[in-house]
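Please walk me through this structure.

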Amino acid sequence: MFKTSFGCSFWLRTIIIWVGILYYSIPQFYYLKQTSFLVNVVLTDFPYLCFMRKIIIAIDGFSACGKSTTAKAVAKSLGYAFIDSGAMYRAVTLYFMKHNVSITDPKAVSKALQQIEIEFRFSTENSRNEIFLNGLNVEDKIRTLEIAKHVSEVSAIKSVRVEMVAQQRKMGKKKGIVMDGRDIGTEVFPDAELKIFMTADKKVRAERRQKELLERGDVIDLDEVMENIKHRDHLDSTREESPLRKAEDAWELDNSDLSMEQQVDVVLKWVDQKIEKLEQASSVQS
Ligand code: DC
């Protein structure tokens, strides 16, 4: 069937446009919108998601700032894909630890990288993207403090970064993606339409991470979590390869005193602003 540049079929697009015209011109449709959630979704949200300009949202920041939770909620609200790039480095770390790969041996590292296949699959059961390492779901295995203790060293290796960045860029080819990490706005997608740099008070971050670990059944002392966060902040921001830094054009979001809903709202407002600006710019050009 004939495809438009929007990715929808011609007839689907025609039907949606006509439904839209009827929806906004016939009073009964307003009544329907108020009475049925499904009608609301089908008539309003679906056409909106279908025609909306898609952008890349890059979220960077220190460990345990709530980047992934925010990114996930933003992606869900926009119908975008969500990629937790840190999970990829954690999966590589898991593989290296399991197979005793020496990170000081470049040959062993590049041989191991050839054996690693990482993919994200959406779990309808848990309503989230889960990471698979060589076909095995490792979503929970990569979230332990043990992995956290080694991941910064592994993610500082150039060949590891080259491989991960190449895969991340592929994932963002079609836009409509929210990716969080340390170098997303500076290295992976330097042309991302919206770049956010998240920060939060160290103690708040340690408490959040401790709670997260506890929910997984790991009881860890707050001081130990804090030490790990400090250590990773230091390694991530001082390493030679793509150190963590705020991109010049990134917008800073300090979420120390914000609830999850509040930070998601801020980001969604920024997305609207950015898209509006892009629309204005393209209408001036044409
Ligand atoms: O976001 P996280 O804590 O799951 O990330 C784990 C580690 O991976 C972090 O210490 C730094 C590294 N990382 C990176 O170097 N680049 C990214 N884009 C994402 C994570």
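**Helix packing and the cores**

In this predicted model, helix α5 meets helix α7 through Tyr 89, Arg 90, Val 92, Thr 93, Leu 94, Phe 96 and Met 97 on the α5 side and Glu 146, Ile 147, Ala 148, His 150, Val 151, Val 154 and Ser 155 on the α7 side. Sorted by class, the residues of this contact are 9 nonpolar, 3 polar and 2 charged. Helix α7 covers residues 145-155, and its axis comes within 9 Å of the axis of α5, crossing at roughly 100°. Angles of 65 to 115 degrees count as roughly perpendicular, and α5 and α7 are therefore roughly perpendicular to each other.

Helix α5 also packs against helix α6, which is formed by residues 106-115. Here the angle is about 115° and the axes are 11 Å apart. The helices α5 and α6 are therefore roughly perpendicular to each other, and their crossing is right-handed. From α5 the contact takes Val 92, Tyr 95 and Phe 96, and from α6 it takes Val 109, Ala 112, Leu 113 and Gln 115. Of the residues in the contact of α5 with α6, 6 are nonpolar, 1 is polar and none is charged.

The next step is the interior. In soluble globular proteins, nonpolar side chains tend to be buried together. The largest nonpolar core of this model has 35 residues. Those that touch the most other members are Val 92, Phe 96, Ile 116, Ile 118, Ile 131 and Val 160. Helix α5, residues 85-98, gives the most to this core, with 8 residues. Leaving aside residues up to four places away in sequence, Val 160 touches Tyr 89, Val 92, Phe 96, Val 109, Leu 113 and Val 154.

Helix α4 runs over residues 67-78 and helix α12 over residues 260-285; their axes are 9 Å apart, at an angle of about 55°. That angle makes α4 oblique to α12. The crossing of α4 with α12 is right-handed. The contact of α4 with α12 holds 8 nonpolar residues, 4 polar residues and no charged ones.

Two single residues remain to be described. Is Arg 161 buried or exposed? Its relative accessibility is 4%, and buried means under 20%, so Arg 161 counts as buried. Arg 161 lies in helix α8, which spans residues 158-171. Apart from residues up to four places away in sequence, Arg 161 touches Tyr 89, Ser 155, Asp 183, Arg 239, Glu 241 and Ser 242. Tyr 89 and Ser 155 were also named in the contact of α5 with α7.

Gly 135 sits in the loop between β4 (128-133) and β5 (136-137). With 41% relative accessibility, Gly 135 counts as partly exposed. Gly 135 is 16 residues from Glu 119 in sequence, and the C-alpha atoms of Gly 135 and Glu 119 are 8.0 Å apart in space.

Definitions and conventions:
Residues numbered from 1 in each chain as written. Predicted model: local features only at pLDDT ≥ 70, side-chain atom pairs only at ≥ 80, totals over all residues. Heavy atoms only, no water. Core = buried A, V, L, I, M, F, W, Y, C linked by side-chain atoms within 4.5 Å. Buried < 20%, exposed > 50% of the residue type's maximum accessible area, 1.4 Å probe, protein only. Helix = DSSP H or I, 4+ residues; strand = E, 2+ residues; numbered from the N terminus. Contact = heavy atoms within 4.5 Å. Axes fitted to C-alpha atoms, helices over the stretch in contact; angles between N-to-C directions. Parallel < 35°, antiparallel > 145°, perpendicular 65-115°, else oblique. Left-handed = near helix turned anticlockwise from the far one by under 90°. Nonpolar A, V, L, I, M, F, W, Y, C, P; charged D, E, K, R; others polar.
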